[in-house]
Amino acid sequence: MAEALKYKNSETVSKHWAKALIELANEDSSVSKEDVLKDLNFVAQTIYSSEELLAAINNPSISSEEKQIIICKLFQNKVSTMVYNFIFALNLRKKLYLISDIVVKYEEELDILNNVKHVNVTSAIELNDKKKEEIKNKIASKLDSGVDINWGIDKEIIAGLIFNIDEVVVDNSIRYKLDDLSNAIVK
C-alpha cells in the first residue's frame with residue numbers, strides 16, 4: 001500500500017513538473033515544445049544508460065552541488081538552456097530521479113495541447129500502407145483529432161479489427177462476434 005501511495009505521489013509530482021515546463025515552453029519562443037521533449041529524452045536516456053550515473057543521481061549522500069557538476073559536464077551546451085535550467089532546478093529540489101516520469105508526463109501534456117490521441121489497432125493480418133492510411137484517416141476523422149497509431153497483429157481474431165483508444169476497446173473482430181453469438185445462444 002505504501003508503495004502504491006509513493007508511486008501515485010511521484011506521478012502527481014512528475015505531472016506538476018511537466019506542466020510547469022510546458023508553460024515555460026509556451027512563454028519562450030526560442031525553443032519548440034517538441035525540441036524540449038527531445039532534450040528531455042536525451043537527458044533521461046543519458047542518465048539511465050549508465051548504472052554508475054543513475055546510482056550517483058539517486059544517492060542521497062552525494063550533495064546537490066556535486067550532482068550539479070556532473071549535470072554541467074554532461075548536459076551544458078548539449079540541451080537547450082531551458083531544459084538545462086529545468087534539470088538544474090530538479091537537482092536543487094532533489095527531484096532529478098523523476099526525470100523519466102517527467103518525460104512521460106510532458107509527452108502526455110504535449111499530446112493534449114496538440115490534440116493527439118494514441119490508438120492501438122490490431123488486425124488478423126499485416127495491413128498494407130494504403131489500408132493503414134485509410135484506417136488512420138477514418139479514425140482521425142471520427143475522433144476529430146490527430147492520431148498516433150501502433151499497429152499489431154493477432155492471428156486469433158480471425159478477421160476484423162480491434163481498436164484501443166485511450167484504454168477504451170472497440171472489438172470489431174469476427175472472434176468477438178462469434179463469442180457474442182455463442183453467448184446469446186447459450187442464454
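Colleague: Why is Cys72 called partly exposed?

Modeller: Buried means a relative accessible area under 20%, exposed means over 50%, and partly exposed is what lies in between, computed with a 1.4 Å probe on protein chains only; Cys72 has 26% relative accessibility and therefore counts as partly exposed. Cys72 is found in helix H4, and its C-alpha atom is separated by 8.4 Å from that of Tyr84, 12 residues apart along the chain. This is a predicted model, in which local features need pLDDT of at least 70 and side-chain atom pairs count only at pLDDT 80 or more, whereas totals for chains, interfaces and linings use all residues. Residues are numbered from 1 along each chain as its sequence is written, and side-chain values use heavy atoms, with hydrogens and water left out.

Colleague: Which value of phi does Asp144 have, and why is Asp144 put in its accessibility class?

Modeller: Asp144 has a positive phi of about 55 degrees although it is not a glycine, and its place is in the loop between helix H7 (129-143) and strand S2 (146-153). With a relative accessible area of 64%, Asp144 is exposed.

Colleague: How do you know what Lys78 counts as, buried or exposed, and which residues is Lys78 in contact with?

Modeller: Lys78 has 51% relative accessibility, and therefore counts as exposed; its place is in the loop between H4 and H5. Setting aside neighbours within four places in sequence, Lys78 is in contact with Asp39, Phe42 and Lys73. The C-alpha atoms of Lys78 and Phe42 are separated by 9.1 Å, although these residues are 36 residues apart along the chain.

Colleague: What makes the span of helix H5 (residues 81-92) agree with what it should be?

Modeller: The expected span of a helix is 1.5 Å times one less than its number of residues, so the 12 residues of H5 should span 16 Å, and the end C-alpha atoms of H5 are 16 Å apart, which agrees. The buried residues of H5 include Met82, Tyr84, Phe86 and Leu90.

Colleague: How far does H2 reach from its first C-alpha to its last, and which residues of H2 are buried?

Modeller: H2 has 16 residues and reaches 22 Å, close to the 22 Å expected. Its buried residues are Val36, Leu37, Asp39, Leu40, Val43, Ala44, Thr46 and Ile47.

Colleague: Why is H2 described as it is relative to H6, in terms of direction?

Modeller: Axes are lines fitted to C-alpha atoms, for helices over the stretch in contact, and angles run from 0 to 180 degrees between N-to-C directions. The axes of H2 (residues 33-48) and H6 (residues 99-113) come within 9 Å and cross at roughly 160 degrees. That makes H2 roughly antiparallel to H6, because angles over 145 degrees count as roughly antiparallel, under 35 as roughly parallel, 65 to 115 as roughly perpendicular and the rest as oblique. The residues of this contact, among them Leu37 and Leu40 of H2 and Val103 and Leu110 of H6, divide into 12 nonpolar, two polar and three charged. Here Ala, Val, Leu, Ile, Met, Phe, Trp, Tyr, Cys and Pro count as nonpolar, Asp, Glu, Lys and Arg as charged, and the others, Gly among them, as polar.

Colleague: What makes the relation of H3 to H4 what it is?

Modeller: Helix H3 (residues 51-58) and H4 pack at an angle of about 140 degrees, with their axes 10 Å apart. That makes H3 oblique to H4. The contact is made by Leu53, Ala56 and Ile57 of H3 and Lys67, Ile70 and Leu74 of H4, and by class it has five nonpolar, no polar and one charged residues.

Colleague: How many helices and strands are there in the protein chain, and how are they defined?

Modeller: There are eight helices and four strands; helices (H or I, at least four residues) and strands (E, at least two) are DSSP runs, numbered from the N terminus. Buried residues make up 33% of the 187 residues in the chain.

Key:
Contact means heavy atoms within 4.5 Å.
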